[in-house]
Amino acid sequence: MVHSTLMPGIIVIGAQWGDEGKGKVVDVFSAQADYVIRYQGGANAGHTLVVDGKKTVLHLVPSGVLHPNAVCVIGAGVVLDIEILSQEIEALQEAGLLKDPKQLLISDSATVLLTYHRELDQAREQGAGLEKIGTTGKGIGPAYEDRASRKAILFGDLFQSSTLKQKLMSSLKEKNFLLEKLYKRKPVDPESVFKSVEKIAEKLAPYRCRDTSLIVYKALKQNRKVLFEGAQGTLLDLLHGTYPYVTSSSTLSGSACIGTGIGPNMIDKVMGITKAYTTRVGSGPFPTELSDETGERLRSIGQEFGATTGRPRRCGWLDLVALKYALRTNGITSLALMKIDVLSGFKEIKVCTAYELDGQVIKDYPVSPGDLERTKPIYETLAGWSTDISVVKNIKDLPKQVQDYVQFIGKEMATPIDVISVGPGREQTLWLKPLF
Ligand code: GDP
Ligand code: IMO
Ligand code: MG
């Protein structure tokens, strides 16, 4: 990693197809953090935190929010659904959190996501038939398209009425054409969108922080502890994931710098979050997917249903070929191994250590279009365990088979495993090494 005299920024990144447990890890780490930053994605993310049995699902507010010591930042790279954000803020306040508006800072450069982005996303998916990506329907693609085509409304625009109106009218001309003529949907009424946006803007005004990149830079310069919270996962990355079955942002660790607006020399650690098995929501290739009773069992024990859409997640064994790809493309320096408790009771546990592709055994993840679809997983089989490990508080009390499983992964990946998670709760976290 790049060395500097600065206190390191730490990136927490999904090493699979999302839903690895990033929210839980960030919540646990946030007890010691000064800043927690969301820098890409939007309300397609669903990050679950469980404290004393109480569940909180966050879509846009960073997962540090349960800790009043942690300032939460939403950076320029996020597509900000202001309706969902304002509902999320209200719910948090009803729960007695986020009392001080200074605990949430929103960048003026973030892209605003509005109802018509969601409508376009859903209309496209409905008409797509077999080519369906299986998006969350949250308007992520259309919002990033606006950003790339330089038509986006930025968070800072919400506070300049005439600019906002002008941008909205010009954007809606195009959007309504698509909605009406191509997708045969009802057009959106510009005047009512404008009115509702102005109302929400008023509610969000206390959180406006023009330049969050400067705040984060200064924090790092002052040796403050800064966590960058990734959304989605490596294999959903727009450039390096299973294209076109990906999300519309860069989910790799490099995106933390770009989406926040800081340099890579401020990052010292990248923690990759992985489940002890694999899940995926939506369409696209998934070599170790189990469409049988075992997959069903992982789904029901792991409660593998989407935190954003409620859709059942596809389940399969751990894929070390894909994980090794995540290590490389993110520069992962250590791993957190989540949901290992879900594997209790399996007689045998399989781990994919290579693929067969067109009659050849490969150990490197193939990136050429169509290749991953043709791979067949090659497994090693490890012994399972039958004890309930969700109550274990010390690594040394884990059954030998669990320790063997963890060691096997660490060795194959040549990467330290710093955290083992044995349940959704904060306290169900076993530390091998402190984060900060
Ligand atoms: P994220 O999107 O990466 O934050 O992950 P999600 O919140 O979408 O999905 C992870 C799910 O697994 C949530 O329901 C968590 O409460 C739960 N979870 C996290 N860690 C563990 C664990 O170690 N064991 C079990 N059983 N559940 C966990
Ligand atoms: P977190 O942060 C899992 C998936 C969708 C779909 C594809 C594109 O909770 O891990 P999109 O709505 O982004 O255009 O959908 O990406 N997807 C996720 N899968 N976890 C997520 O977020 C996801 N965000 C998007 O299911 O396959
Ligand atoms: Mg999730």
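By class, I find 16 nonpolar, 17 polar and 11 charged residues in the lining of the largest pocket. A reminder to myself before going on: this is a predicted model.

Next I looked up the volume of the largest pocket, which comes to about 860 Å³. I then asked which residues lie closest to its centre. The most comes from α4, with 5 residues.

Where does the largest pocket lie relative to domain 1 and domain 2? I see that domain 1 (4-105 + 210-430) and domain 2 (111-208) both contribute residues to its lining, so the largest pocket lies between them.

I moved on to the second largest pocket, which holds about 630 Å³ of space. I listed 26 lining residues there, and those nearest the centre are Thr-48, Gly-302, Arg-313, Lys-339 and Pro-424. Among the elements, I wrote down α1 (22-30), β3 (47-51) and β4 (54-58), each of which supplies at least two residues of the lining of the second largest pocket. By class, I have 8 nonpolar, 9 polar and 9 charged residues in the lining of the second largest pocket.

Note on methods
Residues are numbered from 1 along each chain as its sequence is written. Chains are lettered from A and ligands numbered from 1 in the order in which they are written. This is a predicted model: local features need pLDDT of at least 70, side-chain atom pairs count only at pLDDT 80 or more; totals for chains, interfaces and linings use all residues. Side-chain values use heavy atoms; hydrogens and water are left out. On a 1 Å grid over the protein atoms alone, a cavity is a set of points where a 1.4 Å probe fits but cannot get out, and a pocket is an open set with protein on both sides within 12 Å along at least five of seven lines; lining residues have an atom within 4 Å of a point. Grid points are joined across faces, edges and corners, and a volume is the space filled by probe spheres set on the points. Helices (H or I, at least four residues) and strands (E, at least two) are DSSP runs, numbered from the N terminus. Ala, Val, Leu, Ile, Met, Phe, Trp, Tyr, Cys and Pro count as nonpolar, Asp, Glu, Lys and Arg as charged, and the others, Gly among them, as polar. Domain bounds come from an automatic or database domain assignment.
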